[in-house]
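Here is a short briefing for a reader who is new to this structure. Take a look at the sequence and the fold, then read on by topic.

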Amino acid sequence: MFEDFLNALSNFKRNKMRTFLSLLGIIIGVASVIVIMSMGSASTKQIQDTFGSSGLDMVSIGSGFMRRNRSAVTIDFNDSFRDEMFGQISGIKKIWYKNQLSATLSYGDTSATATTYAIETDYLQTYGLALDNGEYFSVTDNVYGNQKIILGSEIASTLFPNGDAVGKSVILVTNSVTFNFRVVGVLKEQSSGFENSTTGCYIPRGFYAKQITPNSSADTVMVQAISNSRATELVDVLSDYCTSISGTEGSVRVSSMQSMIEQMSSITSTMSVMLAAIAAISLLVGGIGIMNIMIVTVTERKQEIGIRKALGATPGVIKQQFLVESASITVMGGIIGIILGIIISFAVEFVQSTSYIISWPACIIAFVFSVFVGIFFGLSPASRASKLDPVIALSGE
């Protein structure tokens, strides 16, 4: 077989243009599959980086769309709702209540609009939002409703360009009511899923429930699952639970960052596979080209086949010779296609300034498929060569 491979290389050198044209379809097909699959992997990673790794075990429950069914029960996110969820649904680690309000923050002559969240103790730590400096809210802050605030990185840099926000007092205006808050922390800039660590800010929910909107229910319920995978399952479980309470679907909006990432990654992967399958068609076209070239080669080398048969070569040996030659073309095309695909992938990474991922499984699959194409489409010409009558072959007819 090795001797057949060397003979194939020798034949390729004698017919360089023909060999190049035979390789072209395989090279383009393999390179296209690798580039498309690598782009899909890069897109998936970019989605994950955008949402970050924090908060993947959290499930958000908020108000749903407007209901036409007047008999539907309105769900009130109060302490009773929290206690019932804990008692009836497994897989829940902890539940936080959160409220949201639009506010304007100012310090001196500088002001900025910020979405303000009223949160409970330990919510930021559990969510994985790290502080650049300062401290988190304590249990006392939430119980007594202390007037403290934690700023997002962008808000902090806008109000305090010198970076000395902690310890200063800011004025918060919401619904034409003015409050004074002491800055106790500044968040780091980071990807954080549902939470906005840059343009948002946080106050103790105890203060919100006592001073801003007394005895209020939560706008959003944040449920921490026991694991990331359980968060995906809880989306359906909590939706069904809330539907059973309200008597209608869509009474609440339940979502988790983990399930959103999984859905988008699934869509991206599906699209990549579809595009790769389309690109793989060029491999089949290249295989047809190889079969045509091999038929021509068999015709041109009839006398060589006749001589070999006259010297005792069996049909199996002749068949192997042309199969090795056909497979050698696709092996070479596959290797060159992989190299070209990787080069194009890195070129795209350089141009777009994005983190690119080479899909090595795609490289292996494309290469194996290209070799299979060579063997499959080379089988008919090889069988034709093995069946030639040596007398007819030597006569050149």
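Contact means heavy atoms within 4.5 Å. With that in hand, Ala156 touches Leu151, Pro161 and Val186, leaving out residues up to four places away in sequence.

This is a predicted model, in which local features need pLDDT of at least 70, side-chain atom pairs count only at pLDDT 80 or more, and totals for chains, interfaces and linings use all residues. Residues are numbered from 1 along each chain as its sequence is written, and side-chain values use heavy atoms, with hydrogens and water left out.

**The chain as a whole**

- The chain holds 13 helices and ten strands. Helices (H or I, at least four residues) and strands (E, at least two) are DSSP runs, numbered from the N terminus.
- Of the 397 residues, 47% count as buried. Buried means under 20% relative accessible area, exposed means over 50%, and partly exposed lies in between (1.4 Å probe, protein chains only).
- Take the contacts in the chain with a separation of 6 or more: residues 24 or more positions apart account for 78% of them.

**Strands around strand 7**

- Two strands pair if DSSP finds at least two bridges between them.
- Strand 7 covers residues 177–187 and pairs with strand 4 (residues 131–134) in the antiparallel sense, over three bridges. Here Leu131 stands opposite Leu187 of strand 7.
- Strand 5 (residues 148–151) runs parallel to strand 7, and four bridges join them. Ile150 faces Gly185 of strand 7 in this pairing.
- Strand 6 (residues 169–174) is antiparallel to strand 7, with six bridges. Leu172 has Phe179 of strand 7 opposite.
- Strand 6 and strand 7 also form a hairpin with two residues between them. Asn175, in the turn, has a positive phi of about 55°.

**Strands around strand 3**

- Strand 2 (residues 92–107) and strand 3 (residues 110–119) pair in the antiparallel sense over nine bridges. Asn99 has Ala118 of strand 3 as its bridge partner.
- The hairpin of strand 2 and strand 3 has two residues between the strands. In this hairpin, Gly108 takes a positive phi near 65°.
- Strand 3 also pairs with strand 8 (residues 200–204), in the parallel sense and over five bridges. The bridge partner of Ile119 in strand 8 is Pro204.
- In a regular strand the side chains alternate between the two faces of the sheet.

**Two buried residues**

- Ala156 sits in helix 6 (residues 153–159). Its relative accessibility is 6%, so Ala156 counts as buried.
- Ala156 and Val166 are ten residues apart along the chain, and their C-alpha atoms are separated by 9.3 Å.
- Ile92 belongs to strand 2. Ile92 counts as buried because its relative accessibility is 12%.
- Which residues does Ile92 contact, leaving aside neighbours within four places in sequence? They are Met85, Phe86, Val223, Gln224, Ile226 and Leu234.
- Ile92 and Ala225 are 133 residues apart in sequence, yet 4.7 Å apart in space, C-alpha to C-alpha.

**Helix 8 and helix 9**

- The axes of helix 8 (residues 228–246) and helix 9 (residues 257–300) come within 8 Å and cross at roughly 90°. Axes are lines fitted to C-alpha atoms, for helices over the stretch in contact, and angles run from 0 to 180 degrees between N-to-C directions.
- The two helices are therefore roughly perpendicular to each other. Angles of 65 to 115 degrees count as roughly perpendicular, under 35 as roughly parallel, over 145 as roughly antiparallel, and the rest as oblique.
- Asn228, Thr232 and Val235 of helix 8 meet Gln258, Ser259 and Glu262 of helix 9.
- By class, this contact has one nonpolar, four polar and one charged residues. Ala, Val, Leu, Ile, Met, Phe, Trp, Tyr, Cys and Pro count as nonpolar, Asp, Glu, Lys and Arg as charged, and the others, Gly among them, as polar.

**Aromatic rings**

- A search of the whole structure finds eleven aromatic pairs. Rings of Phe, Tyr and Trp (its six-membered ring) pair if their centres lie within 6.5 Å; planes under 30 degrees apart count as stacked, over 60 as edge-to-face and the rest as tilted.
- The ring centres of Tyr123 and Tyr127 are 5.7 Å apart and the planes are at 50°, so this pair is tilted.
- Tyr123 and Tyr127 both lie in helix 4 (residues 123–127), four residues apart, about one turn of the helix. Both are buried.
- Phe369, Phe372, Phe376 and Phe377 are linked into a cluster by ring pairs.
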